[in-house]
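Please open the structure in your viewer and keep the sequence panel beside it, as this tour moves from one selection to the next.

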Amino acid sequence: MDFSLSDEHRMLQDSLRGILNRHTGDDAMAPLLEAGVIEALLTEDEGGFDGSGAAVALVFEELGRAGAALPLIGTMIGRAALAQAGMPDDEARAAFADAEPGTRADRGVAIRADGDRLTGRKTMVAGAEDATHLIVTTADALWLVAARAEGLALTAFPMMDGQRGADLEFAETPAQRLGSLSDFGAVLSRAALAHAARTLGEIEAAVDLTLDYLRTRKQFGRALFDFQALAHRAAELTVEREQARSAVVNLAAHLDAEPHLRDRHVQACKVTVGRVARLVAEESVQLHGGIGMTEEYALAGMIRRLIAGDTAMGDADYHLERFANGEAAWT
Amino acid sequence: MDMRFTPEENAFRDDVRGFLQSELSPELADKVRLHQPLTKAEMEGWHAKLNARGWLAGNWPVEFGGAGWTAIQRHIFEEESARAHAPRVVPFGIAMLGPVLQQFGSKAQQDRWLPRILNGDDWWCQGYSEPGAGSDLAGLRCRAERQGDHYVVNGQKTWTTLGQHANMIFCLVRTSSEGKKQEGISFLLIDMETPGVTVRPIVLLDGTAEVNEVFFDEVKVPAENLVGEENKGWTYAKYLLTHERTNIAGVGFATAALDNLRRVAGAQIHRGRPLSQDPVFAAQMAEVEIELMAMSTTNLRMLSAAAQGQAPGIESSMLKIKGTQIRQRLDALTRRAYGGWAMALPSEGGNEGQPLGADEALAASATWLNNRKLSIYGGSNEIQRGIIAGALARG
């Protein structure tokens, strides 16, 4: 057994770190694309050069660690789904429309399909403004919608995770059914891994910042780390961080497993990472005190991204129920 | 034992409900419910209505213009106000400075400042914390030097809530560096319009700017604005903090938050039914409801003991811890009930466009983010545990 990165993956990691050190915010997008970040997330059949769980996990962990809120997951899902449906497109920029208003994480509550038309709403669609393709979920299927299809209205806004999102309103909008959700279970599981790995990177960043603060901030004449009640809670955060890391490793290693086993790992990963993200969000603010609540300090964005990471594609509660019932992840 | 409210207390509750029904506009209640920042005029307007009814200072004795309520009456008022989404009474003048002046201020100070608090002539804010003195409040360094008939103040305060609206600030300042650090602190009233006072807003992670930094550069303060004795300010500060903690359990706010959670979970759909019928989510709601039932009674037991003359000690620390835990759990469940919508980013003004019809989801996100402060301010929950543990260790 060997948990270390392959030489190729270490090179990929170095290259990502270099770019993310030099560029912040949206400025990182162009150099990342140039470095082949999308292709690293896709298999050769999908027009990429890797697409393994390990590659997806390492890319998004680095992005999360750097706090880079870039809409890459939509394009990864889009190109992989298009390739699987026999319509590969190496230029596609896709957005994934999954969340719906009026429900915690169910699909098909606010949107319905009628023949080859969609009617209803999706919300929190990252990267929708710049997308060429929209990949849309309904109660049981995955659909392709052209970005400028008739009967489609878009309202964009900022989201908790730092990305721009949009509400999509469909009014008998023409759509192409790509297949059932379970047909695309491998692609959706890869996206869940991407969200979880990005959240893991954010967990690491928030824990590191908190540990640094406890080492340097002095009250009552000593460092906060000298107060045992605080030190133990910091220690607990690192224990939970390792749990989150292992849940990501488990899912990365089972992306190609048979669907039932793969789905168990999707659910376990979303539950573990989601819960740890919530804990770290709450505890890192608390251990900082007031400074942790200010927008000027780096923690503010991390907190918002951490709770957003739990929310994406079903939160910990949603996946816990399905795990307990022995249900599939994508139905 | 009798857990029922007396007929007088029930009649008082009816009075409060009647007042809220006739005086609280639905527009204002909606702003409070949706966690939208209130304007200064809206807060002052609500104070004026309460003052006209004689209810602005429920905690003050009648001889100072207060309502002279019992602890139970105050609890009833706070609970009903929170459930009706009335603006909270801005605490700095009424709940904090008022009691200190009544206990330790001179007759002249009482005559001058107390009526102005009630009439809304002054808006007070609090100058306690400093960048280097948070939990370690007694480590404060903002200096006041006596020069003839005035003090000269130099230094910085932070986390000054609503300081942007204030014309007056009560400050803890260092007047001596001899002996124990607690023994060189004084309690000073400072006019914010004095030259050398600068206020700078601090934006918080929910996008609002309700707290501020306040800087003092060679600020001249008349010596008559010293409350009590020089170097005795720590005693007054501790007195003030106990008063700050009287409504610290926040039973009314928690009850309102539970009402709201029930409504949200009843409307969100999960597997074709309301989310509130999902056994996993329902169990989490039930757990926090059960905690609130017990905490409400803990609060009433402690209020009742205080009414019988027992000095509040570690009880207020216990209420602060449990009360904030319950409110933060309610906030978390409400945010999570919204699912994807909880990704909406609250912003002050909100001119950049927001998801359609998501006002209440935005309020839930803003509340979660903003209420992280509950377990930090007014003495963090870690400080409260230290107070409890210290008292227990002394036996």
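Begin by selecting B:Gly339, which counts as buried because 29 C-beta neighbours lie inside 10 Å (buried means 20 or more other C-beta atoms within 10 Å of the residue's own, with C-beta atoms placed from the backbone). This is a predicted model, in which local features need pLDDT of at least 70 and side-chain atom pairs count only at pLDDT 80 or more, while totals for chains, interfaces and linings use all residues. Residues are numbered from 1 along each chain as its sequence is written, and chains are lettered from A and ligands numbered from 1 in the order in which they are written.

B:Gly339 lies in the loop between α10 (314-337) and α11 (359-370) of chain B, where helices are DSSP runs of H or I with at least four residues and strands are runs of E with at least two, numbered from the N terminus. Show chain A as well, since the residues that B:Gly339 touches include A:Ala99, A:Arg104 and A:Asp315, a contact being two C-beta atoms, placed from the backbone, within 7 Å.

Next, select strand β7 (residues 211-222) of chain B, which runs antiparallel to strand β3 (residues 150-157) and is joined to it by 7 bridges; strands pair if DSSP finds at least two bridges between them. Within this pairing, B:His150 has B:Pro222 as its bridge partner. Strand β6 (residues 197-202) of chain B is also antiparallel to β7(B), with 6 bridges, and there B:Val197 stands opposite B:Phe216.

Finally, display the whole of chain B, which has 12 helices and 10 strands, and in which buried residues make up 46% of the 395 residues.

Technical notes: Buried ≥ 20, exposed ≤ 12 C-beta atoms within 10 Å, placed from the backbone. Lists of a residue's contacts leave out its neighbours within four places in sequence.
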